[in-house]
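Have the structure open and follow along.

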Amino acid sequence: MGQTGEPRRGHAHDGELGAAVARAQEGDDGAFAVAYRIVQPGLLGYLRGLVGDEAEDVASDAWLEIARDLGRFRGDGAGFRGWTATIARHRAFDHLRRQRVRPRSAMLEQDVLELPGPHSTHDQALESLSTEYALGLVRGLPQDQAEAVLLRVVVGLDGPAAARVLGKRPGAVRTAAYRGLKRLARELGVTDGVTEDVRERDGDGHG
Amino acid sequence: MGTDMADRDTGLPGLPGLLGAALREGDVDGEAERRAVAAFRAARDAGVQAAPTRSQDDWRPRGSGS
């Protein structure tokens, strides 16, 4: 849609990432390491949301597949984020099937219960957002909202790319991300700048 | 940080960026990186990276041609 060759808006490192991936596809192992370092923090954050403490093991499995299949990949830096997130997601669900654990069952309820009361100001809430606390909050969301939020704000995918990873329509994913963030804001006691109505701008007519 | 669009879409300025930063936190494990790079070298040297592109591997922006 109106993409004219300019980079899709996304992660700040997408240009560097695209260049590293292209060099890696020509066999440059140093470039592959560069791509790894750019992508891994977001991928790990996404996987922590799906499989909790098993995220590093699942990420390792995903990287074996990424390394093996790199020659198949076509796309730029933003595309590489989407491709790798898809691979990581498949490995995460394989892992969960093996564990016979559903993604939501490992939720860290305790983290949510240990929440301080609503914060008096926006800044106060956000300054105290530790990794574990943020993870506990996200894992408390319905799965579709959690994944949409993680892919958008942690992996750094745009709406259409997040939708492709999830196999859903962009409008559905946008709505899920919005609802998830709005719910997180409510749980954090952050209300300024948040409209009370859930915007259904894309009219994708979900149930 | 990949969050400008999320901010705009959600009307929640600041939250997506801070959430993203909090969840990307943590050291990249050097040993895990070495394993990934070793797997890359093994695949490269075995020639398996010449496998054909499947539809799920094609992430080129739509309309970019080629």
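This is a predicted model: local features need pLDDT of at least 70, side-chain atom pairs count only at pLDDT 80 or more; totals for chains, interfaces and linings use all residues.

## How two helices pass

Helix 2 of chain A passes helix 8 of chain A in a right-handed crossing. Helix 2 of chain A covers residues 29-51 and helix 8 of chain A covers residues 143-155; their axes come within 9 Å and cross at roughly 165 degrees. That angle is why helix 2 of chain A counts as roughly antiparallel to helix 8 of chain A, since the cut-off for that label is over 145 degrees.

Which residues do the meeting? On the helix 2 side of chain A, look for A:Gly42, A:Leu43, A:Gly45, A:Tyr46 and A:Gly49. Facing them from helix 8 of chain A are A:Ala146, A:Leu150, A:Leu151, A:Val154 and A:Val155. Sort the residues of this contact by type and you get 7 nonpolar, 3 polar and no charged.

## Where the domains touch

Across the boundary, 15 residues of domain 1 of chain A are in contact with 16 residues of domain 2 of chain A.

On the domain 1 side of chain A, the elements giving two or more residues are helix 2 and helix 4 (77-99) of chain A. The residues on that side of domain 1 of chain A come out as 5 nonpolar, 6 polar and 4 charged.

## A look at A:Ala22

A:Ala22 sits in helix 1 of chain A, residues 14-25. Is A:Ala22 buried, exposed or partly exposed? A:Ala22 has 15 other C-beta atoms within 10 Å, so A:Ala22 is partly exposed.

A:Ala22 and A:Leu70 are 48 residues apart in sequence, with 9.8 Å between their C-alpha atoms.

How values were computed
Residues are numbered from 1 along each chain as its sequence is written. Chains are lettered from A and ligands numbered from 1 in the order in which they are written. Axes are lines fitted to C-alpha atoms, for helices over the stretch in contact, and angles run from 0 to 180 degrees between N-to-C directions. Helices (H or I, at least four residues) and strands (E, at least two) are DSSP runs, numbered from the N terminus. Angles under 35 degrees count as roughly parallel, over 145 as roughly antiparallel, 65 to 115 as roughly perpendicular and the rest as oblique. A crossing is left-handed if the near helix is turned anticlockwise from the far one by less than a right angle, and right-handed if clockwise. Two residues are in contact if their C-beta atoms, placed from the backbone, lie within 7 Å. Ala, Val, Leu, Ile, Met, Phe, Trp, Tyr, Cys and Pro count as nonpolar, Asp, Glu, Lys and Arg as charged, and the others, Gly among them, as polar. A residue is buried if 20 or more other C-beta atoms lie within 10 Å of its own, exposed if 12 or fewer, and partly exposed in between; C-beta atoms are placed from the backbone.
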